[in-house]
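Subject: A structure for you to explore

Hello,

Here is the structure I promised to pass on to you. Have a look at it first, and then read my notes below with the picture open beside you.

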Amino acid sequence: MALPGPGGRQLPCGRKPFLMLSRLFSFQGGIHPDSHKQESRDAPIRQAPLPERLTIPLAQSAGKTARPVVAVGDKVLKGERIGAADDWISASVHASTSGRVLDIAPCPMPHPSGLAALSVVIEPDGEERWIEREPVAYEKLSPEEVFRCLQEFGIVGLGGAVFPSHVKLKAALRATEDLILNGAECEPFITCDDRLMQERAGEIVSGIGILADLLQPRRVLIAIEENKPEAIRAMRDAVQAADKGFRVAVIPTIYPTGSLKQLIRVLTGREIPARQLPTDLGVQCFNIATAFSIWRALHHGEPLIRRVVTLTGNVARPGNWETAIGTPIGELLALAEPRDDTDGIIMGGPMMGTPLPEQKAPIIKASNCLIARSPALFPPRPEMPCIRCGSCARACPQELQPYELYWWSRARQFERLADYHLQDCIECGCCAYVCPANIPLVQYFRFAKGEIRVRAREEKNAEQARERFEFRQFREAREKAEKAEKLAKAAAAQAAKLAEAREKAEKTAPDAAPASATTTTAASPEEAGKAAVAAAVARAHAEPVAQETSPAAPTQETEARVSGPEKAAPAS
Amino acid sequence: MTGFLAAILVMSVGALLLGAALGYAAIRFKVEGDPLSEQINAFLPQTQCGQCGYPGCKPYAEAIARGEAAINLCPPGGDDGVRKIADFLGREFVPIQGGGEGGGPKPKVVALIREDRCIGCTLCIQACPVDAIVGAARQMHTVMTSLCTGCELCVKPCPVDCIDLNSVPETLTDWKWPCPVLADGNCPAGGNPF
C-alpha cells in the first residue's frame, strides 16, 4: 500500500532557501521499495574483459546522431574519434579500444523495441594502443572552448538521459546559484555510482572542481542517499582533502529522490514549474559519474569510452564492472553468471529500466545496470480492475492523479490527458508499485505519450499537405486564367490580322494574289501542326492503357500532352 | 387602456430595433466561407487521395457539411478519424468502409519512383495533389518522401508502371510503446474504462 512521504512540506515553494544547507525539504509521495543494493554494493569495480566484437552506436547522446568519420577496414586506436558531433546538441563517439573497423551498419540497440541504429563494429586487436592523450589546460581556455572540448570528448550525462554536458553547462553558464551533484542513486539494485564514489572520490571531487570553476555557483551540493555510508564518508574525506567548500548532503532514502525535480526539491525546497528547466531557477544538476568522466577527459585526455555497469538480479556473482562502451550485454552479463531460470534482461533499474529483447545489443553510455530477470525476483502481476483507492495519487512524487491518467489513457481519449498533465509524469513507477490492483500504470502512460507524439506529428504533416494542396489548386486556377487571357489576346490579334488581310485583298485583288498565297502557305503548315498535336492529345487521353505496349510511343505522345494545351488550344 | 397600448408600442419598437440590429449584424459580420466544412476538414488526414469519391479532403468535408456524404468514407483517417467527426457532429460512430484490415487506418505508405525505369513523362507530377514529385520532361522524376502523403494517385497514370508504394519502416525516433496487454491477450480497445 501507499507509503506516506516523510512529513509535510516545510517551506512554501518558490521561497529562497538559506544560504547554508541547514535543513532538507521533502516532496509529496515516494515509496520505499526493497533496495536490493546489498548484493552488489561491496563488490569492487573490476575491469570487464574485451569482447570479440565491439558494436558502438553513433547515436549515444540526446540530440543529433554523430556522423561516422571512419571507413570500413580502417585501423583505429583506443580513444580515436569514430563519430563526429553533427550539431550543437550532439556529442562525439570514440573507439573503446584499438582494432579494425569491420562494418558501419545498423545494429540492434539496447532499446525495448530491439530496433537497429547505425553503429561502428570494431574488432579489437587486444593491444589497447591509446591515441596521444594530452591534458587540457582548461584553466587557460574560455568556457566556450572548454565546452567544445567536452563535446569532442563525448561527455554526456551518465545518469541515464545522456544529454550532452556542454549544452547543460552553457545553459547554466550565467546565474547558477546551486550546482548539484547527483549521487543519490535511488533506484533499487543499482550500485555503480555508489562504488565509484567509494573508490574514486578524489577524481570525482576534482571533476566537480572543474564544473564549479566553470559555473561559479554560490553553493555546490553533493547529494547522497543515507543508505550509502561508505560513499558519504569517502566523498566527505575527498572534499576535505581538496579543501573545497563543497557540501556533502545526506538525503533521506526514499524513491525517487534521485530524480532531478525531486532532488532539487529536497535540497533547495524549490519546485521546478512545468515546462521549465532547473536553469530557469538558477540550479544545475550533474551526475557524479559525469563529473568523474569530465575529470578523466580534461585532466587525462581520455574521451568517454567506458563506464561502470552493475550486474545484478538473478545472478550467482553480482558485481560492478568497468566496461568498454560497445560490449554486448549478453556477454557482459555472463560475467556475473546468471542462473538458469533467468528469463530476460532489464537495462537500468527495476522501476524505470526497460526490458531488452536483444542480447547482442551493446552497452552504451546510458547503461548503468543490467538486471537478470527471473519469475521469482519479479513475479508476474496480473492486472485487475481499478478499485479507486487513490493509493497511486498519494504515492505520486509529481503530485499528479495517476488514476485519472489511467482512465483516459485506457479509453484512448488522449486529448483529455493534457488536462491532467500527463507530460509532467516522470514515469518513476511509484503509482504502479503501490497499486493493489497491479495495474501497469506507467505502461499506459508511456503508450499514451507515444500516441500523443505521433498524433501531433501527423497533424503537422496533414496541415502541410493541406497547405500544399490548396496552393496547388490556387496555382492551377491562376495558370488557367492567365492562359485564357493570353488566348483571348492572340485570337483578337489574329482576327484583326485576318480582317486587315481581307481588306487588302479586296482592295487590290489581282496584284496581291502572291502575297495572299504566301500568307496561306505560312498559315497552313502551322495549322496542320496544331491539328496533329490535337490528335496526339486525343489519342493520349483515349488510350492510356495502349501506351504501355510500345515503350517509344508514350514519350512523344505525353510530350504532346504536356506541352499540348498551349499549342492545341488555338486549333480547337 | 393606454397602458395596454403603451406596452404593445414599447414591445413593437423594441422588436423593430432588435430586428434591425440583427439584420445589420448579419450583413456586417457575415462569415465568409463555410465554418462547418472548415472544421470537418481539420479532422481529415489531408492525404488528398480521393478514396472517398471526392476530389480531395476539402470537397469531402464540404459534402459532409451539406449532409450529402457519410462520415466513414476516409480510409487513411481510419476509425479514429471517423470517431472525431462523429463526436464533432454529434452523430453515431460508424466503422470505416474499406481501408486496412480490421477497420484500422491503412498502414502509411510512401511512393518511390524506380528511377532506372522512369521515362520522364511528367504524368505523375501532374497527378500529385501535394506537389511532392519533382522532375521535368524527359528528366528523371523523384518523390520527396517527407511530403508524400501516400495517396496512390501517381501510381495509375504512370505509363511504365515504375512507381512503388513502400511502407515506412519503423525507426528508433518514431517507435512508440505499445498498449499494455490485458489478461485476455487483447489491448483495451478504448471507450468507457469503467
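Two strands are said to pair if DSSP finds at least two bridges between them. Keep that in mind for what follows, and also that this is a predicted model.

Let's begin with strand β10 of chain A, residues 219-225. Which strands does β10(A) pair with? One partner is β9 (residues 178-183) of chain A, joined to β10(A) in the parallel sense over six bridges. Here Ile180(A) stands opposite Leu221(A). Another is β11 (residues 247-251) of chain A, also parallel to β10(A), over five bridges. There you can find Glu225(A) opposite Ile251(A).

Is β10(A) mostly covered or mostly open? It is mostly covered, with seven of its seven residues buried. In a regular strand, side chains alternate between the two faces of the sheet. On one side of β10(A) are Arg219(A), Leu221(A), Ala223(A) and Glu225(A), on the other Val220(A), Ile222(A) and Ile224(A), and all of them are buried.

Next, look for an open sheet of three strands in chain A, with the order β3-β5-β6 and antiparallel pairing. β3 (67-68) and β6 (93-94) each have a single partner strand, so they stand at the edges and one side of each lacks a neighbour in the sheet. Between β5 (residues 81-84) and β6(A) there are two bridges, and Gly83(A) stands opposite Val93(A).

Now for a pair of helices. The axes of α4 (residues 192-199) and α6 (residues 229-242) of chain A come within 8 Å and cross at roughly 40 degrees. The crossing is left-handed. Asp194(A), Met197(A) and Gln198(A) of α4(A) meet Glu230(A), Ala231(A), Ala234(A) and Met235(A) of α6(A). By type, the residues of this contact are four nonpolar, one polar and two charged.

Finally, find Arg296(A) in helix α8 (residues 288-300) of chain A. Is Arg296(A) buried or exposed? Buried means under 20% relative accessible area, and Arg296(A) has 16%, so it counts as buried. Beyond its neighbours within four places in sequence, Arg296(A) is in contact with Glu203(A), Gly301(A), Glu302(A) and Arg306(A).

Enjoy exploring, and write back with any questions!

Best wishes

Key:
Residues are numbered from 1 along each chain as its sequence is written. Chains are lettered from A and ligands numbered from 1 in the order in which they are written. This is a predicted model: local features need pLDDT of at least 70, side-chain atom pairs count only at pLDDT 80 or more; totals for chains, interfaces and linings use all residues. Side-chain values use heavy atoms; hydrogens and water are left out. Helices (H or I, at least four residues) and strands (E, at least two) are DSSP runs, numbered from the N terminus. Buried means under 20% relative accessible area, exposed over 50%, partly exposed in between (1.4 Å probe, protein chains only). Contact means heavy atoms within 4.5 Å. Axes are lines fitted to C-alpha atoms, for helices over the stretch in contact, and angles run from 0 to 180 degrees between N-to-C directions. A crossing is left-handed if the near helix is turned anticlockwise from the far one by less than a right angle, and right-handed if clockwise. Ala, Val, Leu, Ile, Met, Phe, Trp, Tyr, Cys and Pro count as nonpolar, Asp, Glu, Lys and Arg as charged, and the others, Gly among them, as polar.
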